[in-house]
Amino acid sequence: MALEFISPEGLRLDGRRPAEIRQLRANLGVIDKADGSATFEMGNTKVIAAVYGPHEVQNRSQQLLDQALVKCEYSMANFSTGDRRRKQKGDRRSVEISLVIRQSMEAAIMTHLLPRTQIDIFVHVLQADGGTRSACINAASLALADAGIPMRDIVASCASGYLNNTPLLDLNYLEDSGGGPDVTIALLPKLDKITLLQMDAKLPLEMFEKVFELGNKGCVAIANYMRNVLLENTKDLAFARGVVKV
Amino acid sequence: MEVETAQEDLKPAPGQLASSPFINKIVAPGDIVLDLAQLSIPTLRLGGGLRQDQDLVIATKAGRLKYIKPNKIWVEGSQKRYIPSLEDVVIGFVVDRRSESFTVDIGGPVHGSLSIFLFEGATRRNIPNLQAGSVLYMRVVKAHRDMTPELSCVDATGKASGFGHLKNGYVFQCSTGLARALLSRPTCPVLEALGKSLSFEIAVGLNGRVWVNAASVSTIILVSNAIMNAEFLSAAQQQLMVQKLLQRVQES
């Protein structure tokens, strides 16, 4: 028998309602050496991101004369999943996720302002419980903002799915492996533009629209949270600098 | 003066620039700061951290929206990496020596270049003797994203006026926000407190490098530590911290 993902009372396996995101937590400036860094938690999913740059391009042949070169590296800690296993760097999955993170960040960074430079983004999954690519995009976005790299908007990302005839928001690992579709969206909330849309299953169009709408709302909620964290952090820095007199 | 963060639903107001609800507030990337269609001023000068999209002025980095009469606005944040801009004072290290110029590391995305003639009294016969690793106090005279930044060790009238080779001393790194606070007026509380009981020389670059020199090594260490500690302290806390450091030195 297929697993019941939604109880008769309308609650999910972890006690959430279908259109509810997990608890969010974010911290900025967590790595001393990096120019910008952040941790981002969505429930039990926890990732850390570091941004280095803009600095000189390491490999001269890759240098772009009219815009910055954005590089992204995604990796998972050996202890991040239920069964501890050693993953080699550069397997297909992490290459693909590195690519989508890079593309959705590149859409937000004003790369034309920093020609002939390189921006490195490193994201590392510390704890995986579904939605790691969303969490990574959110962490990378905050780390870029912390580094002061000019951006059109903050990128926020959220996953949504469809199980037991119900659209669900922000899937966890159990729901993610439930066999239903998993739609990951990354959004520039103020511009109302999508920078990433991924789905790895089939879904009828009318249902897709509902799932997409739900994911979009999730992104907006996450973006609001991220913006508040960023503003609070900037305020702390301003206070610290003695700009503010109490 | 209380720093406030800009609320989510805050909208640009019509009328004068000074009456904009975003002035002196903390803004985040993507915030729409001004709507030029509603504004009744002929010209507006946008500084760093802002971009224009048709009639809208939008923030591109997190920081405090600053305004100077009559029409200049920009976003001021605190970063670790420095992006050169015109007329900034910076501290750099000589990396390479060429026939016509020095290559200088100013902590930016690319090295800067300093002409050998841009020292007070420098001629082709009289080139300043700087080796790789020498510390220089300079100003940025050309900053364009498509060119290497150009530096100068003289002011506009050709006088050294404080710029040049910084001999001896100690250099450390801090955030650009703290560097700006150290250079601002009235004097930063930590420098005020240190200056009352110690004598030392200091040079602050907007690229977040601070050079300190004094007669004794212990003074240099104390001043450097005090400044590095000051980053996350309020004015009163800074004074207290300096007093504690001074006490500890006097006891030992």
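The following questions and answers cover strands, an annotated domain and a chain contact in a predicted model.

Trainee: Which strands of chain B stand at the edges of the open sheet formed by three strands?
Mentor: The strand order in this open sheet of chain B is β3-β6-β5, with antiparallel pairing. Each edge strand has a single partner strand, so one side of it is left without a neighbour in the sheet. The strands at the edges are β3 (32-35) and β5 (50-53) of chain B.

Trainee: Which residue of β6(B) stands opposite Gln52(B)?
Mentor: Strand β6 of chain B covers residues 56-59 and pairs with β5(B) over four bridges, in the antiparallel sense. Opposite Gln52(B), the residue in β6(B) is Val57(B).

Trainee: Which residues make up the covered face of strand β10 of chain B?
Mentor: Strand β10 of chain B spans residues 101-105. Its uncovered face holds Ser101(B), Thr103(B) and Asp105(B). The covered face consists of Phe102(B) and Val104(B).

Trainee: What is the bridge partner of Val104(B) in β11(B)?
Mentor: β10(B) pairs with β9(B) over four bridges, and with β11(B), residues 112-115, also over four bridges. Both pairings are antiparallel. In β11(B), the partner is Gly112(B).

Trainee: Which residue in the turn between β10(B) and β11(B) has a positive phi?
Mentor: Three residues link β9(B) to β10(B) in one hairpin. The hairpin of β10(B) and β11(B) has six residues between the strands. In that turn, a positive phi of about 80° belongs to Gly107(B).

Trainee: How far apart are the end C-alpha atoms of residues 169-217 of chain B?
Mentor: UniProt, in an unreviewed entry, lists this stretch as "domain: K Homology". In the model it is 37% helix and 27% strand. The distance between its end C-alpha atoms is 9 Å.

Trainee: Which element supplies the largest share of the side of chain A that touches chain B?
Mentor: The contact takes 34 residues from chain A and 34 residues from chain B. On the chain A side, β3 (45-56), α2 (132-147) and α4 (205-240) each supply at least two residues. The largest share is 10 residues, and the element that supplies it is α4(A).

Trainee: How many residues of that side of chain A are nonpolar?
Mentor: The side of chain A that touches chain B includes six polar and nine charged residues. The nonpolar residues there number 19.

Technical notes. Residues numbered from 1 in each chain as written. Chains lettered and ligands numbered in written order. Predicted model: local features only at pLDDT ≥ 70, side-chain atom pairs only at ≥ 80, totals over all residues. UniProt positions renumbered as here; feature names shortened; annotations may be inferred. Pairing = 2+ DSSP bridges. Buried ≥ 20, exposed ≤ 12 C-beta atoms within 10 Å, placed from the backbone. Contact = placed C-beta atoms within 7 Å. Nonpolar A, V, L, I, M, F, W, Y, C, P; charged D, E, K, R; others polar.
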